[in-house]
Amino acid sequence: MSKADLAAGRVIRMSLLFRVQHFLLTMILLVLAVTGFALMYHDNAVAQAVIRLEGGVQNRGIVHRIAAVLLMANLVYHIFYMLLSREGKSEFRDFLVTRKDVGDFVQAFRYNVGLGSEYPRVGRYGFKEKFQYWGTAIGIVLIACTGFMLWAETFSMRIFPKFVLDLALIIHGYQGLLGFVLLFLWHLYNVHLHPSVFPMNPAWLTGKVTAEWVRQEHPLEYEKLKGEGLL
Amino acid sequence: MRKFVAVAILLGCAALAAPVPGARAAISLEKCTLCHGKPEFRKLLVNGAIRDVFATEDSLKGSVHEKKVCTDCHFDVSEIPHREHPKRVTCTHCHFKGNKEGAPQSDNVLAYFDSAHGKAIAAGNTKAPLCQDCHGDHQILKVKDAGSKVSRFQVAETCGRCHMEIYARYKTSIHGVAVAKGVAEAPSCTGCHGEHRIYARTDPKSTVYPTHVSEQCSKCHASIAIMSKFGIEAEQVATYNESFHGVANKFGSRTVANCSSCHGVHDIRPPDDPLSSVNPRNIPTTCGKCHPGATANFAVGKIHVDAKKKESGIIYWTATFFKYLTIGTMLALIVHIFLDMYGRTRRLRGEQ
């Protein structure tokens, strides 16, 4: 964090490398969603228009697979970065789910319905961020495995019977839908519609958020930064 | 009085003279049969083959042309004995729109000339069939008549006169066997290929063009009314359309599998027949045509699987689980958004 940033009351929340990973993820997931849902809902007129736009089912499949390979490359890079780099290791520790997160979720729920008197005080990543992160991670691994099975169908069927591939197809499709629902109703709410960030949390573009926002939304992180003398 | 008698005689003569064309025709028929009515009257062709030119008064009996005479069709015979070999009969001589004979006419003639057969004739292929090659020559019967050469039960044999190998394969197929048993619903050649509009399977106009096959099969195989009679599932077409193969086919892929890629074309047999291409033991070979290295695993599990049906077992339950999981997640997240906003408002107001 540069001195100018600190003076302006700004804190870095996403480093450049994370922003690049996040941006790639956004673009790739969009391509996968457009090409994937067009196939899933091929009876729909919009889906048919999309498939024609993509140059037919054959090309749709090629685009979908290219995007899938990029997604997996992004995932592999992310795993290595999280496990091996100094920044990644620290972030990874912050992302580990602890008992406090479960307690925080319950406390937030009680507060929201008017049963509790205090909103949970969370650190760098609260239960909202952790749910988003691990949900996406597990979802991508699952959808990548089933996608690979369907891609190399003859190879898969050397190991699995045909009905396992039918299952893989169903899981792949629904997993995509579920991921999409999560992105729309959880992530987009948290980073766009949530009153504290509306219309947008700028972290994904500039990497920076205001110290005031950290103080309000992530008080433990604020205190930690303060303790380290960074604020 | 004398005048009256004279008029009466004249009228009588006129009355006698009236059926002159008929009388002349009858005479002409008799004249034809003078030679053609002798069983030994045959023509020896240049190549040594014998051509049967036997025809009697009975030749047209019972046919739709019962009341016609030889020269009505063989109209190029103007003298007897004819010096030249009469040309092939042209049915459109009478069967054209607005004809005065009352001969039935449809656009079938035009359709025929656009078809593979008609084009072959136009290109000078003398082996290609004209009307009479399928409908018969002297004994033309209505299609509905079981004895007609183009009736449901006879047409395969008629086509088989030229398409011999295909006929042999078809005859032992499930459709061929069913037709032979007298099952009216089973398709003969024309059931799939059409009648006058027969095109090569590489012609996009063809009913058996790769992207049209599933539609053609679905005419019967998607009909519960027909399929229930034979204990066959009627959802095979729907499940195919939902599959990767079906979707690719719908969007115009000509290489993706259609019904006949797996089930065969003329040699379609029920799956429990060991000779069937979709018999579990033959599935690795059949699938292997497009998926090199296909194993027996291709046959483990239902091929035409419908995730919306309980009979699909684990596939149905997984799909149902995910369906409700997705709906549940959506509802939970929407509820969460409202609760979170509500809580947030309270916090902003400084309430506890």
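Author: Let us start with the order of elements. Read along the sequence, chain A runs α-β-α-α-α-α-α-α-α-α-α-β-α-α, which comes to 12 helices and two strands. Helices (H or I, at least four residues) and strands (E, at least two) are DSSP runs numbered from the N terminus. This is a predicted model, in which local features need pLDDT of at least 70 and side-chain atom pairs count only at pLDDT 80 or more, while totals for chains, interfaces and linings use all residues. Residues are numbered from 1 along each chain as its sequence is written, chains are lettered from A and ligands numbered from 1 in the order in which they are written, and side-chain values use heavy atoms, with hydrogens and water left out.

Reader: What does the C-alpha trace of chain A span along its principal axes, and how many of its residues count as buried?

Author: The trace spans about 60 × 40 × 35 Å. Of the 231 residues of chain A, 44% count as buried; buried means under 20% relative accessible area, exposed over 50%, and partly exposed in between, with a 1.4 Å probe and protein chains only. The accessible surface of chain A comes to about 12,400 Å², and 71% of that belongs to carbon and sulfur atoms. Such areas come from the Shrake-Rupley method with a 1.4 Å probe, and for residues only the protein chains shown count as cover. As for contacts (heavy atoms within 4.5 Å), among those in chain A between residues at least 6 apart in sequence, 63% join residues at least 24 apart.

Reader: Which residues form a positive surface patch?

Author: A patch is made of residues with over 30% relative accessible area and no salt bridge; like charges are joined within 9 Å, and nonpolar side chains (Val, Leu, Ile, Met, Phe, Trp, Tyr) within 5 Å. Lys and Arg count as positive and Asp and Glu as negative, whereas His and the chain ends are not counted. Here the patch consists of A:Arg86, A:Lys89, A:Arg93 and A:Lys224. Helix α5 (residues 86-95) of chain A gives the most to it, with three residues. A:Arg93 lies in helix α5 of chain A and is exposed, at 56% relative accessible area.

Reader: Is the salt bridge partner B:Asp114 buried or partly exposed?

Author: B:Asp114 forms a salt bridge with B:Lys205, with closest N and O atoms 3.1 Å apart. B:Asp114 is partly exposed, with a relative accessible area of 27%, and B:Lys205 is partly exposed at 44%.

Notes. A salt bridge is a side-chain nitrogen of Lys or Arg within 4 Å of a carboxyl oxygen of Asp or Glu. The place of a charge is taken as NZ of Lys, CZ of Arg, CG of Asp or CD of Glu.
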